Every structure is written in C-alpha cells, then in structure tokens.
Amino acid sequence: MNDIAKDRFDNQNGCCQLEEDSNHTFEVSSDDICKFGICDIGLIVEQELIECHKQVLSENSQYFKAMFESTMKEKSQKTIDLKCVSLNSFKVILDFCYSKPAPLLIDRDNIFDVTRIADMLNFSEVFSLCKNFLWSLVSQNCFDVLMLASTLFIKDLHNYCTAYVLWNFKTIKDNEDFVFLTKDELQNYLSDSRLNTVSELPVYKSIITWINHDPGQRTKYFKELFSSCVHVGLMSSEELEVLQESDLVKSTPNVLQTVESAYVDQDSSAANNDSTGGSKKPSHLRQIPQALLWVGGDKSKLCDKPSPHWNVMRWDATAKEYVKLDDMYPVTSPVEADMGYRVCSLGVEVYVLGGEAKLGSNKWQIQTWAYDLLKRKWIRKACLLQPRRHHAVCVLDNDIYVIGGFTKYREITVSVHCYHSNNDSWTVCSDLIRPEFAATAAALNNRVYLLKTLIIQCYNPSSNQWTIVTTDVPPAITPGFTVMSAITVGNSLIIQSGYNNKLYLYDPYAEDQDQAWTSLGCFKDVFGSCAELDGKIYCMGNDSNHMETYDIESQTFGIEMSVSCHLSRSFLVTVPFYEETMT
C-alpha cells in the first residue's frame, strides 16, 4: 500500500473519502457510519484502499471472522492487502453485505469472478446466491460453468453440467461458447461414449465448426480429433459419402484412407444382406447409460427399513439393492395424492400425474410434477386439464397421453388429453370409444394402444381417431385375463396380466389375432408395474415383497431381490441416467 493510502486511513474523521474514480472505490454511507461506527479496517485491493467495518466483514465471511477473532497478525493491522482479488467484483460483494436485503448485483459478465472470490474468502451467502445463478446459466454457458464448478469443487453443479453437456449435444454444438473450447476439452467431450447422438455425422461437423473458427491454428489437430472422436464404422454409406467430399478429409491422407475403407466395408455388408435393400447402418456403439427407477409406493405400508415407498429410488443391479435419489414429489398443497396416480418417463424427466388423497376424499392432485434426472430436482409443470385417478399414461415422441380413469364423483371418463413437453401445455384429443379405468397404455409404431381386457383400443395421433383393434378372445388366455402393464420391446408389446401372473408377447399387426399372442411364461407371484433394462423385464407390485425378472434372451424367470415390506403402488421406469462423476 502506498503512503498516501495509509495517511487517508489513519487520518479519517468519521466520513470516507473517495477516489476521483468512483468505479474503483467502495463508499460507506452515512447510515452505515451511524450503524457500525467509524470504519476500522482498510482493505487493499488492486492497490486501491477500501475502508469498511470488521463487524460487517465478520458477519458475512468466515474468513474474516476467523482472522479478526484469532491471534493472526492481521487482527491488529489497520490495513490488509488482499491478493488475487479484483476490485470491481469485490465491490459487488461488499455492496451486497452493506445493503442487504437488496439483491446481489451479479450478471453474466461478473458471475464467475464474484463466485471465485466468494469461495476464496468464504462469503457463504454470496457464494450460495452465485451458485443459484450459475444453475440458471448452464443452458447458455455450460462449459464455463462446468470449468468453474470443477475448479471450486461444487459437486452438484459439476455433476449437473457434466450430464447436461452429454445429453444436450444436439443444441450445445451450436452454442456460441462451443468454438472456444480448447483442443483437449473438445476431444474429451466428443470422444465420450455417453454422448447423446444417433449419428456420427454431427460429431464430425462439430469438429469442422471448431476448426473453422481458427483454421490457421486448429487445422493441425484435425487428424487427431477425427481419429479419437468420429466412429466411422458406425456411419452409413450415405454419411461416409459426405465425408469423402470434404476438402479437409481429402487433404488428410490417413483420414481419407480410413473413410474409404469404412465405405468399402459398408458396401460389402449391404451386398451380403438382401433384406436391407441398400446400405445398412451398423449398431451404434455410443450408449447413454440407463437406470431402473422405482417411483412412489403405498404410504400406508412404510416399514422401518429403507424402502421405495414414497421415494424415487435407483436400482443398483450389481449390489442388488436400491439407492434413494429423492423424496416423492414435494407437494403439500393442495394435496399429497398417493391413490391412483400414474408415473412415466420422458427424456431425462420422470412425470407423476394425477391421483387422489384417498378414495372419496375429493382431494385431487392436478399439478403435474417432473423429476429432472440431470438436476436431481422436482419441477412443476402445467396442471392437468381435469382431475383424474387410475388413468393410463403413455409416452409417444415428446408427448404424454393421459387416458380415461376416474374423475370427480367416481365417473369413468372417456376423455384423453395430451401433454406437450416442448412447450409445457395440454391439448384435448378425441374421446375413447369406450370408457376405461385402471387400464395401461403403450406406444408402438406411432400408435397408442390402450389395454385392459382383450378389447384393445388404438389411437392414431395423425388422424386423432380411436379404433378397436380386436374383440376376438384367444382361447389359450381367456380365463381371468386383465392387463396390468405393457411395455414396448422391438416391434411387439410385452404384456403382464393380472391375477394369473403370466407374461405375453403381443403383435398387434398379426393377420390372425388368435396367433398374435405368445405366452412367455409366468412370474412366481407378482403382477404390477414392469420395465425393461439391459434385456431383462423387471416386475414388481401387488402385495408381493420381491421383484422378479424375465430374461428375454434366455427366456427364463428369476427373483431379483426381496425386501421386508410389500411393494404395491410402486412404478418402474427406465430412464437415461448419468452417474455422478464428482462425489
């Protein structure tokens, strides 16, 4: 600190003098003087003196509190020189400390530096506000937020950003900050096997976009990036032709040879497969990690040991146990409905729709809740258009269909509503041909199938019309047939029937509906919610205390786990799930 700054502080007489450039000083108001007394500490930031109060600093920062209450030499000093602190960002923090409850003045320009200083000097409230702001900034500036979260070890934000950039590759590759990644950051990102892309061509194009931002400095990295990030063996002949026409590929002999070899392999594969009628795209090696979730449960059957009841739980197949992710949707108003609600998954969100507090209570849950698996938080969505319970739900593309069920006064409704996730809105669809409750629904080949008995209703979204698929009753499955759950596997539906615990394969496109049903066998004693994960059908529900499986390849049944409580009213869903990388 220079001598002039020292003299200014030592000779103060109750009012703070300001430098001519007010942008580089912090001004304590007369009200602050009345409240805290004469300034008793001077902070030197970027060679500028900031006069303030130890009390204010101690109340807002554990760093300064420890300093002023300890035997550290700074306790007796009249001035303290703060290193690695920018003046403008520090002023934002002090302004907030003195002007609370006024808001913290952060924006996209200063948020990263303010967060860093708040963390370094342990301004906990400021840091918390910065962290909340950073969450909202992820969609606009995800890589910078990820880097800051990694540097400051902000675990939940780091895990969210990591999952966010992998899942949202389609939009992130077009973000402004994408071209400012370093070569290593780009390579680590695009080579990740969990990247959410159905084609390798966008990966290649994103490399070209990054190089074209500074071709003079970046072209030299093309061969390395292409080799480590683009899986040419997964590309179709049409996609490989696009690469062959690229000037950058043509001018890089090793890359061109790799592309040409892959093209020859594709032609050979197509020639050996008459059924394709052309080039065949190989199976995709990039794989978004999947998880089995248990959602909800019967609140009346909570037990002393941890259970999936009224929680969101993830199944750990290795340990053969469930791991709690969160509580059930955080709602106490207007009602916590645990009767007749339904659960489905769409993208990285798990939706809970409808329900009643108890039969006849007339207390309905019309608020739609979604659990965001990237943020690990519950989010409110648009309300249902009408109260309902024991309805069917089905996901098709980016929409959720809510079908039939009971509404007020125990009326069985024929109404069908569609939730559009792209704009958080509902629309009304054509009514069912016949009312149904406690039915199940599944999507196959751009159709929605509603199943309860063998009178199956089918909805075509393009024409907005319902039709009856079959009223024939295959003799082999006539006794006591009721559909409890249905899931789509390949080009067929796997249906779990109630009361006889049988599992069936149903092909709605079979010419003879008597031949459309294939019995796969029988679970031991469960019927309820089903989901598929890694080639296994998982089933739990009813009043059973265990979860059973059906292995599709080996066609065998087994018991996956048992617990000390019943698993009724629980729902199984399969979801994309990125493990936490920072724990």
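This is a predicted model: local features need pLDDT of at least 70, side-chain atom pairs count only at pLDDT 80 or more; totals for chains, interfaces and linings use all residues.

Reader: Let's begin with S570. Why is S570 called buried?

Author: S570 has a relative accessible area of 5%. Buried means under 20%, so at 5% S570 gets that label. As for its place, S570 is in strand β29, which covers residues 570–576.

Reader: Next, the strands. What makes β15 and β16 a pair?

Author: The call needs at least two bridges between two strands. Strand β15 (residues 416–420) and β16 have four, so they count as paired, in the antiparallel sense. Within that pairing, Y419 stands opposite W426 of β16.

Reader: And which sheet do they belong to?

Author: An open one of four strands, in the order β11-β12-β15-β16, with antiparallel pairing. From one strand to the next, the twist averages 25 degrees.

Reader: Why are β11 and β16 called edge strands?

Author: Each of them pairs on one side only, β11 being residues 392–396 and β16 residues 425–428.

Reader: How do you know that β21 and β22 pair?

Author: Six bridges join β21 (residues 483–489) to β22 (residues 492–497), and the cut-off is at least two, so the pair qualifies. These strands run antiparallel, and S485 stands opposite Q496 in β22. Their hairpin has two residues between the strands, and G490 takes a positive phi near 65 degrees there.

Reader: On to the second largest pocket. How much space lies in it, and what lines it?

Author: About 580 Å³ of space lies in that pocket. Its lining has 15 residues, and W167, L346, G347, V348 and N398 lie nearest the centre. Helix α8 (residues 155–167) gives the most to this lining, with three residues.

Reader: What makes you link the second largest pocket to both domain 2 and domain 3?

Author: The lining draws at least three residues from each of them, domain 2 being 161–264 and domain 3 being 290–576.

Conventions. Residues are numbered from 1 along each chain as its sequence is written. Side-chain values use heavy atoms; hydrogens and water are left out. On a 1 Å grid over the protein atoms alone, a cavity is a set of points where a 1.4 Å probe fits but cannot get out, and a pocket is an open set with protein on both sides within 12 Å along at least five of seven lines; lining residues have an atom within 4 Å of a point. Grid points are joined across faces, edges and corners, and a volume is the space filled by probe spheres set on the points. Domain bounds come from an automatic or database domain assignment. Axes are lines fitted to C-alpha atoms, for helices over the stretch in contact, and angles run from 0 to 180 degrees between N-to-C directions. Buried means under 20% relative accessible area, exposed over 50%, partly exposed in between (1.4 Å probe, protein chains only).
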